[in-house]
Amino acid sequence: MMSPIRIPEVDPRRRQLLRALPAVAATALLAGAAPTRPARLGGATTTPRAAPSPSAAPPAGGGPATTPGHPPAPARPVFTLADYRRAVPGPAFPANAVALTIDDGPHPRWTPPILQLLERYHVPALFCMIGNQVLGHESTARSVVQAGHQVANHSWSHPSRIAHLPPAMAHQEILRAQDKIYSTTGHTPKLFRSPGGAWSPSLARTVADSRVLPLDWSDDPRDWTRPGVAHITNRLLAARPGQILLCHDGGGDRSQTLAALRTVIPALQARGYQFVALDAH
Ligand SMILES: [Zn+2]
């Protein structure tokens, strides 16, 4: 089936490549061109890439803004704060900014202590919530918003193959979560994080049609695999300014994530890093 969207399907290995590439090369890759620096594949899963310079990549794909009467153009996923600021106009982020995103909740066991930790250090975070996790945990979801944090749409049921679902089903995954998050918290998510970071041309179009911005990440400690507190801690301590960090409060026992964040947040702040909100309203 031909697709008018000029974004190739992105499988997990390809995603590692995308995250390893400079933004301008990643843009070319998403646009269908061959990567120009394949040698950077090595170490993609363990070496965080430096944030691209502000002039490293041109605006690509447009943002969520649309012209009345015209369908929204698919945007390429946001991997870094520089990507985000190109897609969502606003004041420049501080030079030492990083963003913390927390996926797969809300969870009544793990979300509250994470909220307490964030409050202690005055750190804003973006919680990427699964609709059917909000269901039954409404008060936990509301506590996230009441604490001043942002909420993103992370699908209704976290289907691992969302990039391959028929568009109507993918659309329902997004809209059902959107409705549940809004009816529970009063907040309409403007960002959509695909389960597993899976993207495809079809999903890109569906996301655009759903009027949400595709959000990825630039630093993944793989905390959901429970690799040990030291692994998660060291991976997050390797963060560089401009990165979007990924952690989880749902999907299982998140004690390792919580323990790592207790070390990482004050350590990064002591280094002069500033946690910023992804302020899409
Ligand atoms: Zn997830």
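The protein comprises 10 helices and seven strands in what is a predicted model. Of its 281 residues, 47% count as buried. Among contacts with a separation of 6 or more, 77% are between residues 24 or more positions apart.

Helix α7 spans residues 167-185, a run of 19 residues. The distance from its first C-alpha to its last is 27 Å, close to the 27 Å expected at 1.5 Å a residue. The buried positions of α7 are Ala170, Glu173, Ile174, Ala177, Gln178, Lys180, Ile181, Thr184 and Thr185. An α-helix has 3.6 residues a turn, so residues three or four places apart point the same way. The buried residues of α7 pack against strands β2 (126-129), β3 (150-153) and β4 (191-193), as well as against helices α5 (131-134), α6 (138-146) and α8 (201-209). Just after α7, Gly186 adopts a positive phi of about 80°.

Two packed helices are described by the angle between their axes and the distance between the axes. For α7 and α8, the angle is about 45° and the axes lie 9 Å apart. The two helices, α7 and α8, are therefore oblique to each other, and α7 passes α8 in a right-handed crossing. On the α7 side, the contact is made by Pro167, Ala170, His171 and Ile174; α8 contributes Ser202, Leu203, Arg205, Thr206, Val207 and Asp209. By class, five residues of the contact of α7 with α8 are nonpolar, three are polar and two are charged. Two of the α7 residues in this contact, Ala170 and Ile174, are also among the buried residues of the helix.

From α9, the residues in contact are Val229, Ile232, Thr233, Leu236 and Leu237. These meet Gln256, Thr257, Ala259, Ala260, Thr263, Val264 and Ala267 in α10. The contact of α9 with α10 divides into eight nonpolar and four polar residues, with no charged residue, whereas the contact of α7 with α8 includes two charged residues.

Terms used:
Residues numbered from 1 in each chain as written. Predicted model: local features only at pLDDT ≥ 70, side-chain atom pairs only at ≥ 80, totals over all residues. Helix = DSSP H or I, 4+ residues; strand = E, 2+ residues; numbered from the N terminus. Expected span 1.5 Å × (residues − 1). Buried ≥ 20, exposed ≤ 12 C-beta atoms within 10 Å, placed from the backbone. Contact = placed C-beta atoms within 7 Å. Axes fitted to C-alpha atoms, helices over the stretch in contact; angles between N-to-C directions. Parallel < 35°, antiparallel > 145°, perpendicular 65-115°, else oblique. Left-handed = near helix turned anticlockwise from the far one by under 90°. Nonpolar A, V, L, I, M, F, W, Y, C, P; charged D, E, K, R; others polar.
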